[in-house]
Every structure is written in C-alpha cells, then in structure tokens.
Amino acid sequence: MSSAALPLVRIPVGIVVERCKAGSRWADFVWRAVAVLPDEPRTKPWTVLREEHGATLFYAGSATVDLYPSETARYRDNLASGNPSIWTVLSPAEGAWPYSVTAATADPAEGEAFTEAGGNLVEPVAIPEMLREAIASFVAEHHVEREFFKRTRR
C-alpha cells in the first residue's frame with residue numbers, strides 16, 4: 001500500500017445505537033445509529049445507556065474517522081452542507097448482538113458506497129462540534145484546489 005493511501009489523521013469515535021420495537025410482524029426491532037461520541041469511551045460495546053418510551057440506547061462500539069488529504073473537497077462540502085454528518089456503518093453480526101460497528105466516515109461518497117452491501121445499516125448522524133472543528137482544521141491545512149478537466153470523447 002502506498003503512503004498516499006494512508007490517512008494522515010485518525011479520530012476515534014464512539015457509536016450510539018437505538019433499538020425500537022418494530023411495528024411489523026417480520027421484524028422484532030428497528031436498529032439505527034443516532035449519535036457519534038467525539039472520543040472512544042471506556043465503556044464495553046453494547047452497554048445500555050438509557051431506556052425510555054420503548055426505545056433503548058446502546059453504546060455499540062468504536063470506530064475511527066480517517067482523514068485523507070485527497071478527500072478534503074468532500075469533507076469541505078459535507079461541512080458546508082448545512083447538515084454536516086458522520087456516516088456510521090453497522091454490519092450484520094453473529095452472536096449476542098445483531099450488528100457490529102464497521103466504520104464511521106466524514107466522506108459522503110464513502111458513506112454512500114457502504115450502502116452497496118445490502119445488509120449494512122448506514123446512517124448519517126449529526127457531527128459533534130469537536131469533531132467538526134478537527135475536520136475543518138484538517139481541510140484548512142491540507143486542501144488543494146484542483147482544476148476540473150472535462151474529458152473529451154474519442
């Protein structure tokens with residue numbers, strides 16, 4: 001792997017997941033990521049954080065948001081979108097819990113690519129202010145404007 005493909009910054013985050021009773025006879029529960037914590041807590045994965053009104057919040061586990069200099073335009077567009085997000089990815093798992101934390105990304109295109117695996121749960125969640133500031137700082141330091149070249153047909 002070339003050094004160009006390695007992230008310059010890796011930011012650990014925690015993923016909070018909500019489980020609600022499903023209103024369907026085909027599924028017992030609906031699962032979705034609802035928050036990203038701006039650091040990796042020392043809590044064990046799948047610890048119950050809160051139960052209320054038929055919903056249970058869990059700390060599902062940790063991931064890292066990797067930042068690459070080649071993707072700064074996408075991070076910048078995400079931050080300027082009016083609803084900056086971190087895309088969380090939960091993949092089907094075998095065992096006590098139906099999902100495991102697979103990834104978290106600030107790149108909207110990468111988040112969308114994770115939806116290609118049909119079983120993944122991909123949710124954009126609000127970006128914590130501390131993480132937004134770190135990504136904005138990374139963009140300010142590493143962004144290089146690239147001229148758009150339209151390819152001509154042969």
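The model is predicted, so local features need pLDDT of at least 70 and side-chain atom pairs count only at pLDDT 80 or more, while totals for chains, interfaces and linings use all residues. Residues are numbered from 1 along each chain as its sequence is written, and side-chain values use heavy atoms, with hydrogens and water left out.

I then turned to the largest nonpolar core, which has 27 residues, with V13, I15, V65, I86, L131 and I135 having the most contacts inside it. Such a core is a set of buried Ala, Val, Leu, Ile, Met, Phe, Trp, Tyr and Cys residues joined through side-chain atoms within 4.5 Å, where buried means under 20% relative accessible area and exposed over 50%, with a 1.4 Å probe and protein chains only. The largest share of this core, five residues, comes from β4; helices (H or I, at least four residues) and strands (E, at least two) are DSSP runs, numbered from the N terminus.

Next I checked α3, whose buried residues are L131, I135, F138 and V139. They cover an arc of only 100° around the axis, taken from the directions from the helix axis to the C-beta atoms, and so lie on the same side of α3. These buried residues pack against β1, β2, β4, α1 and β5, whereas the face turned away carries the exposed M130, A140 and E141.

Last, I located P84 in the loop between α1 and β5, where P84 counts as buried because its relative accessibility is 16%.

Conventions. Contact = heavy atoms within 4.5 Å.
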